[in-house]
Amino acid sequence: MRAELQAQVDALTFDVRDRSRLVADGTLQYGAIGVRRGLGYHWSLGAEVLYVPLYVRRGDAAARTNDALTSLRLQLRYVP
């Protein structure tokens, strides 16, 4: 997955206003696996797990750490 993302943070953390600009660019490796099962003629149920390892550097002198994104998607589908 190719991504060039930017986000402006506006968060109150420990009584300090954080207005950091977050930048991510490059190619992100990911893994996804899913299954689908029919529930009769018109209905089906699906599930998918997505894992994206996100390497984060919190500060100029800080080391990179892995702050991965893992998500689960469930789907109930009706096809007439």
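Is E48 buried, partly exposed or exposed? In this predicted model, where local features need pLDDT of at least 70, side-chain atom pairs count only at pLDDT 80 or more, and totals for chains, interfaces and linings use all residues, the residue is placed as follows. E48 is partly exposed, with a relative accessible area of 30%, on a scale where buried means under 20% relative accessible area, exposed over 50%, and partly exposed in between (1.4 Å probe, protein chains only). Residues are numbered from 1 along each chain as its sequence is written, and side-chain values rest on heavy atoms, with hydrogens and water left out.

Strands, like helices, are taken as DSSP runs numbered from the N terminus (helices H or I, at least four residues; strands E, at least two), and two strands are said to pair if DSSP finds at least two bridges between them. On these terms, three strands form an open sheet in the order 5-6-9, with antiparallel pairing. Strand 5 and strand 9 are the edge strands, each pairing on one side only. Neighbouring strands of this sheet are turned by 10 degrees against each other on average, direction ignored, where axes are lines fitted to C-alpha atoms (for helices over the stretch in contact) and angles run from 0 to 180 degrees between N-to-C directions.

Strand 5 (residues 31-38) is joined to strand 6 (residues 43-52) by eight bridges, the two running antiparallel, and G31 stands opposite Y51 in strand 6. The hairpin of strand 5 and strand 6 has four residues between the strands, and within this hairpin G40 takes a positive phi near 100 degrees. On the other pairing, ten bridges connect strand 6 and strand 9 (residues 69-78) in the antiparallel sense, with V52 standing opposite L69 in strand 9.

W43 is partly exposed at 40% relative accessibility, and Y78 is partly exposed at 45%.

Three salt bridges are present, each defined as a side-chain nitrogen of Lys or Arg within 4 Å of a carboxyl oxygen of Asp or Glu. One of them brings together the side chains of R73 and E48 (3.8 Å, N to O); because R73 lies in strand 9 and E48 in strand 6, the pair ties together parts that are 25 residues apart in sequence. R73 counts as partly exposed at 48% relative accessibility. Elsewhere, D10, R17 and R19 are linked in a network of salt bridges, in which R17 meets D10 at 3.1 Å, N to O, while the closest N and O atoms of R19 and D10 are 3.8 Å apart. D10 is partly exposed, with a relative accessible area of 48%.

Backbone angles complete the description. Most residues other than glycine have a negative phi. F14, although not a glycine, has a positive phi of about 50 degrees, and D15 has a positive phi near 65 degrees. F14 is placed in the loop between strand 2 (11-13) and strand 3 (16-18), and D15 is found in the loop between strand 2 and strand 3. F14 is exposed at 78% relative accessibility, and D15 is exposed at 75%.
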